[in-house]
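Biologist: Could you walk me through this model, one question at a time? I am new to reading structures.

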Amino acid sequence: MIDLRREASDILSDLEALRAGDAPTHGGRVLSYVYDSGVPELDDLAAAAARLVQPVNGLDPTTFTSVAALEAGVVGFARTVFGGDDDVVGSVTSGGTESCLLAVKSARDAWRSARLGTPRVPRIVAPVTVHAAFHKAAHYLGLELDLVPVDPATGAPAVAAIAERLGDDVALVVVSAPSYPFASLDPVADVAAITAVRGIALHVDACIGGFALAFWPDRLPAWDFSVPGVMSLSADLHKYGYAPKGVSVLLTRGRDRQRHQYFATTAWPGYPVVNPTMTGSKPAGPLAAAWAIIEALGEPGFAELTGRAARATTALRSCVEHIEGLRVIGAPAGPLFAVATDDSVPVERRVDPHHWADAARASGWHLQLQPGLVQADGGRLPHTTHLTVTPVTEAVLPELTAALDDAAERVRGVPPVDGSAVAAGLAAALPGGAGALEAAAAVGGGLDSDNAAALLRAAGLLGDAGAPDGGALPAQLAPVLALVEALPGALTERLLIELLARVVEPQSSIE
Ligand SMILES: *Cc1c(COP(=O)(O)O)cnc(C)c1O
């Protein structure tokens with residue numbers, strides 16, 4: 001035995017108190033980040049499965065053979081539902097970002113191995129709506145990311161625009177099924193037709209929608225391994241697989257190609273290292289939870305839950321389409337969509353999507369604000385509000401649609417926040433005035449930590465004393481997003497890094 005400093009029950013009640021401050025993870029009130037099946041038994045099963053494998057190290061499936069069996073089962077299920085044949089193999093990863101990073105690593109190493117000794121930097125070609133995980137992959141893995149503009153009205157890329165970018169230095173083309181920002185189901189088959197003839201690999205990022213699209217009630221254009229040129233596909237089990245966070249799959253066509261995903265070394269005096277994924281030691285809990293959920297639901301269970309999310313999505317889209325002054329972007333596929341201002345109605349009837357989201361948040365519904373973006377061709381993508389719809393949403397539709405209607409009534413005619421005015425207000429609050437903001441913008445990413453924190457305090461985003469209440473966001477997010485759009489990207493990114501770093505400043509409460 002060991003003397004414990006505190007009672008376990010006290011520690012857990014502290015944790016419960018902390019959890020009480022979180023946005024609600026269940027009940028459909030948060031329309032992003034969390035994917036509530038609405039079936040508590042699934043959560044209980046997932047927790048029990050994760051608990052059973054808690055002590056296991058997923059690093060070595062030859063020592064902990066349960067890990068190999070679970071992974072083979074999960075990958076097998078994914079291969080079946082995504083139309084893969086015997087040539088498709090895969091791995092379970094810690095999440096969508098890791099699946100995307102590894103897809104890029106495999107593509108880069110396959111590209112290099114066919115061009116031994118080349119000093120060229122390979123490119124990734126993708127629509128500008130591709131998930132930020134590919135920006136991260138390009139950054140971490142030393143590739144260039146070549147972003148293809150999309151149609152601002154629909155959020156969809158043109159195949160011809162992708163075709164124009166193809167060349168021998170392209171290691172990977174990425175399309176989404178569907179894209180996160182606008183839920184555009186990219187033209188997978190048309191893009192595959194042009195990549196396949198040139199021998200360029202195509203990845204389908206189905207991280208968000210894959211496990212819902214595979215069971216979608218309406219007919220969709222082919223987007224998975226049933227399309228011959230699709231070489232890899234990522235899909236997150238911690239989204240529409242309803243598993244706890246930390247589990248995704250990356251499937252690859254061709255065993256030889258997939259082996260590029262691995263890292264192995266015997267060049268040190270310790271155990272031989274062979275890693276299919278980025279981590280070394282890793283938990284088996286999320287994998288076991290995902291496996292248990294798959295065992296419990298099977299394809300019929302997935303189809304049933306997807307049906308609920310699909311019906312709720314249809315109802316919510318129709319609700320938004322009936323709100324004067326708002327419009328749904330493009331032709332979204334799957335259980336998500338984005339909402340913009342309808343510029344076809346008179347100014348005083350328009351609804352700004354960010355004010356709308358703030359008004360909905362005031363009544364306890366969390367929608368996700370997305371900034372506008374100027375594309376490389378000058379085309380402006382509007383700022384929008386994103387809704388991810390889960391099976392549980394169907395159970396709360398009456399309250400949610402009433403809240404969305406009501407939020408629109410409250411902000412109709414209120415003009416969007418003027419980002420340059422917010423920036424000017426920020427400049428005025430700085431000790432050095434406008435000059436200080438200009439100086440900060442000039443150094444952008446080079447801003448030091450204390451100056452970045454001072455800017456955040458002036459913007460009202462960070463408390464005075466060191467860290468804490470930096471964690472609590474202001475009630476109105478529209479001005480924050482307007483600032484994100486108005487300031488130079490390098491400065492905004494540096495400020496956001498500071499904000500997130502200050503939120504976790506070390507606390508010395510434990511003696
Ligand atoms: C969520 C998502 C990712 C990244 O996944 P994480 O699990 O958050 O790391 C990648 N692509 C798309 C389309 C996504 O929606």
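Biologist: Which are the buried residues of α2?

Modeller: This is a predicted model, where local features need pLDDT of at least 70 and side-chain atom pairs count only at pLDDT 80 or more, while totals for chains, interfaces and linings use all residues. Residues are numbered from 1 along each chain as its sequence is written, and side-chain values use heavy atoms, with hydrogens and water left out. Buried means under 20% relative accessible area, exposed over 50%, and partly exposed in between (1.4 Å probe, protein chains only). By that rule, the buried residues of α2 are L42, A46 and A49.

Biologist: Why do the buried residues of α2 line one face of the helix?

Modeller: An α-helix has 3.6 residues a turn, so residues three or four places apart point the same way. We can check this by looking down the axis of α2, using the directions from the helix axis to the C-beta atoms. The buried residues line one face because they fall within an arc of 65°.

Biologist: Which exposed residues does the face of α2 turned away from its buried side carry?

Modeller: Now look at the face of α2 turned away from its buried side. The exposed residues there are P40, E41, D44, R51 and L52.

Biologist: How far is a nitrogen atom of the ligand from an N or O atom in the side chain of D205?

Modeller: D205 is one of the residues around the ligand (a heavy atom within 4 Å). A polar contact is a pair of N or O atoms within 3.5 Å. For the ligand nitrogen and the D205 side chain, the distance is 2.6 Å.

Terms used: Helix = DSSP H or I, 4+ residues; strand = E, 2+ residues; numbered from the N terminus. Polar contact = N/O pair within 3.5 Å; in protein donor to acceptor, adjacent residues only side chain to side chain.
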